[in-house]
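These are my notes from a first look through one structure. I went feature by feature and wrote down what I looked up.

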Amino acid sequence: MGMDVFGKAPASEVGEYFRNNVWWWRPLADYILNVHPDLASGCTEWHSNSADGLDAAESVALADALDADLSAGAVDAYQAAYAAEVAALPREACDLCDSTGLRTDQIGKQHSYDKPRDPATGLGGCNGCAGEGTRAPWAASYPFSTENVREFAAFVRASGGFEIC
Ligand SMILES: [Zn+2]
């Protein structure tokens, strides 16, 4: 499951294809939409596999903007702020065990998830929350990194326009 982005007229191999799984794609697309809404506006379906995208001229303009962000340290700053924001989110209740840490439904009983976790073996306890009753927020599953922006910028620059599929 992911986003396959194809260059329409690639100038080099790096412009042929870019892929992020769904977890990586969302924060990357959000960065572009939040920081460069005007440059992104040629594509309205950033979050779907509908083959929407930017044309060649729009792609070069976006690549210029991303490279400028990268050089200025703006992407690093965004990455740090993003990570801090995610880290500050409260842990979420576990619905598999009603936040008890023990899963007492049929599946839970079958796999001994209804017994407290044994720290020595790591066995037992709810499989949704490792027996803790709470789990990391969903937002923690959506990573953002400067390196991912750098790779996408290089793709966009050489893509000759692209389609998100
Ligand atoms: Zn649980």
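**Notebook: loops, zinc site, helices**

I began with Ser112, which sits in the loop between helix 5 (106-110) and strand 5 (134-135). For these names, helices (H or I, at least four residues) and strands (E, at least two) are DSSP runs, numbered from the N terminus. I keep in mind that this is a predicted model, where local features need pLDDT of at least 70 and side-chain atom pairs count only at pLDDT 80 or more, while totals for chains, interfaces and linings use all residues. Residues are numbered from 1 along each chain as its sequence is written, and side-chain values use heavy atoms, with hydrogens and water left out.

**Entry: two positive phi angles**

I looked up the backbone of Ser112 and found a positive phi of about 60 degrees, although Ser112 is not a glycine. Is Ser112 buried, partly exposed or exposed? Its relative accessible area is 34%, so I noted Ser112 as partly exposed. The cut-offs are under 20% relative accessible area for buried, over 50% for exposed, and partly exposed in between (1.4 Å probe, protein chains only).

Ala130 is also found in the loop between helix 5 and strand 5. I read a positive phi of about 55 degrees for Ala130, which is not a glycine. With a relative accessible area of 31%, Ala130 is partly exposed.

**Entry: the zinc ion**

Which residues are the protein donors of the zinc ion? I listed Cys94, Cys97, Cys126 and Cys129, each through its SG atom, at 2.2 to 2.4 Å from the ion. Donors here are N, O and S atoms within 2.8 Å of the metal (3.2 Å for Na, K and Ca); water is not among the atoms, so sites may look incomplete. The spacing of the donor residues in sequence is C-x2-C-x28-C-x2-C.

I then checked the geometry: the angles among the four donor atoms run from 105 to 113 degrees, and the site is tetrahedral. Four donors count as tetrahedral if all angles lie between 85 and 135 degrees.

Cys94 is buried, at a relative accessible area of 1%. Cys97 is buried as well, at 5%.

The chain is divided into domain 1 (2-87 + 139-164) and domain 2 (92-136). These bounds come from an automatic or database domain assignment. Taken over C-alpha atoms, the centres of domain 1 and domain 2 are 38 Å apart.

Next I looked at Pro137, which is in the loop between strand 5 and helix 6. Pro137 has 9% relative accessibility and therefore counts as buried. Leaving aside neighbours within four places in sequence, Pro137 is in contact (heavy atoms within 4.5 Å) with Leu89, Pro90, Arg91 and Glu92.

**Entry: helix 1 and its partners**

I looked up how helix 1 (residues 22-35) packs with helix 6 (residues 146-159): the angle is about 70 degrees and the axes are 11 Å apart. That makes helix 1 roughly perpendicular to helix 6, a label given to angles of 65 to 115 degrees. The contact uses Trp24, Trp25, Leu28 and Ile32 of helix 1, and Asn148, Val149 and Phe152 of helix 6. Axes are lines fitted to C-alpha atoms, for helices over the stretch in contact, and angles run from 0 to 180 degrees between N-to-C directions.

The axes of helix 1 and helix 3 (residues 56-72) come within 12 Å and cross at roughly 95 degrees. Helix 1 and helix 3 are therefore roughly perpendicular to each other. Here the contact is made by Tyr31, Ile32 and Val35 of helix 1 and by Leu62, Leu66 and Asp69 of helix 3.

Ser159 is in helix 6 and is buried, with a relative accessible area of 0%.

Ala154 also has its place in helix 6. It is partly exposed, at 33% relative accessible area.

Last, I checked Asp38, found in helix 2 (residues 37-40). At 68% relative accessibility, Asp38 counts as exposed. From C-alpha to C-alpha, Asp38 and Cys165 are 22 Å apart in space and 127 residues apart in sequence.

Note on methods:
Tetrahedral: all angles 85-135°; square planar, octahedral: opposite > 155°, others 65-115°. Parallel < 35°, antiparallel > 145°, perpendicular 65-115°, else oblique.
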